[in-house]
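Dear colleague,

Please find below the structure that I am handing over to you. A short account of the findings follows it.

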Amino acid sequence: MSEHFQPHLPLPQATAEPCIRSRPLPPYRGIVAVDAKDFTGYPAIEHDLISRAIPQLLGTSFERAGIADVWNDRRFPDSTGDGFVFGFDPTAMPFVIHPWLNTLQEVLTEFNVHSMGAVRIRLRVSLHIGPVTDSGDREDGKGTPRNDTHRLLDSRPVKAMLAASSENVTQIAAILSDRCYQDAVASGYTGRHLDYFTEVPATVEGKSFAQRAWLYVPAPSGTLYDRRILGDQVIEDQEAQRAHEDSPRDPGHAAVPRTVTNRADNGNVNTGTVHGGQKVNNTRTNTHVVGDQFGGSKAGTVHGTQGDTFRGDKNSGHR
């Protein structure tokens, strides 16, 4: 070691000693994190503009949603360059989910319209609840819930949802941790029906992270029924649940099959599911009508045929 080396600060000591003795939990905090879509796709000269605009838009949206105190009293706030994160009193979580997320959608829509396409800010939002350090120090906000909040923000479902939706309609896509959903939504405290939320498996590419989570999109566009977003297991569970609900059971016996007759006099009957081919039959009586029969897959997924196969001459025939 050089004789000129003079350390000025003592090295930190590892004194946490987990699982040795019991200690009180850190305070529970709600955590909100946002991240701008395609931030690095903008020229570097615009990065500072976007970084400054995001907290301003957040402040405006909280005030307009009637919960300005959540923003004014934010804990361990931190700008991430292309986003922002802070903690808040978890009792406000139902109001952060609704109406704030919807209000943020409106504020971003206004901003993007007025920017005339020069800079478009679309945000991913993650919400979580859990114990994190909060003693008033600059380094507060530490704990597994804070880490998981950022993992959720970077997870496949919320990224895929925003990417698959229309930039003219959907300005935010939010993902809630299961704890957040169970505590604030499933409990009935949030002013939004449970059907507005979609269960997804949250995973992050290159990270050992996999959690159950819930998507909420205030202004959806495109389709939520997509294996890139929902995951195969969630879709299979949903299909099994639908099959169970659609099959009345006789106690002690197998499901009783039902016969369904689809009828639409002088109209079209559309049968099939999103997993198989769909067939359109014209049932107009006593009248010869030239119609098309569509073959092919209509599956709502990125796999397989995405269009219809037309058989026959669409221009032939007459009344």
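Which residue does Asp-154 meet in a salt bridge through its side chain? The partner is Arg-124, at 3.6 Å from N to O; a salt bridge here is a side-chain nitrogen of Lys or Arg within 4 Å of a carboxyl oxygen of Asp or Glu. Asp-154 lies in the loop between α4 and α5 (156-164) and Arg-124 in strand β4, so the pair ties together parts that are 30 residues apart in sequence. Arg-124 is buried, with a relative accessible area of 6%, whereas Asp-154 is partly exposed at 31% (buried means under 20% relative accessible area, exposed over 50%, partly exposed in between, with a 1.4 Å probe and protein chains only).

Please note that this is a predicted model, in which local features need pLDDT of at least 70 and side-chain atom pairs count only at pLDDT 80 or more, while totals for chains, interfaces and linings use all residues. Residues are numbered from 1 along each chain as its sequence is written, and side-chain values use heavy atoms, with hydrogens and water left out.

The salt-bridge count comes to twelve. One of them joins Asp-48 and Arg-52 at 2.8 Å, N to O. Both residues lie in helix α1 (residues 47-64), four residues apart, about one turn of the helix; helices (H or I, at least four residues) and strands (E, at least two) are DSSP runs, numbered from the N terminus.

Strands β5 (residues 172-177) and β7 (residues 210-216) are antiparallel, with four bridges, and Leu-176 has Trp-214 as its bridge partner in β7.

Finally, Ser-221 lies in the loop between β7 and α7 (227-230) and is buried, with a relative accessible area of 12%. Its side chain forms a polar contact of 2.8 Å with the side chain of Thr-170, and reaches the backbone nitrogen of Ser-166 at 2.8 Å. A polar contact is a pair of N or O atoms within 3.5 Å; within protein, one must be able to donate a hydrogen and the other to accept it, and residues adjacent in sequence count only if both atoms are side-chain atoms.

Terms used
Two strands pair if DSSP finds at least two bridges between them.
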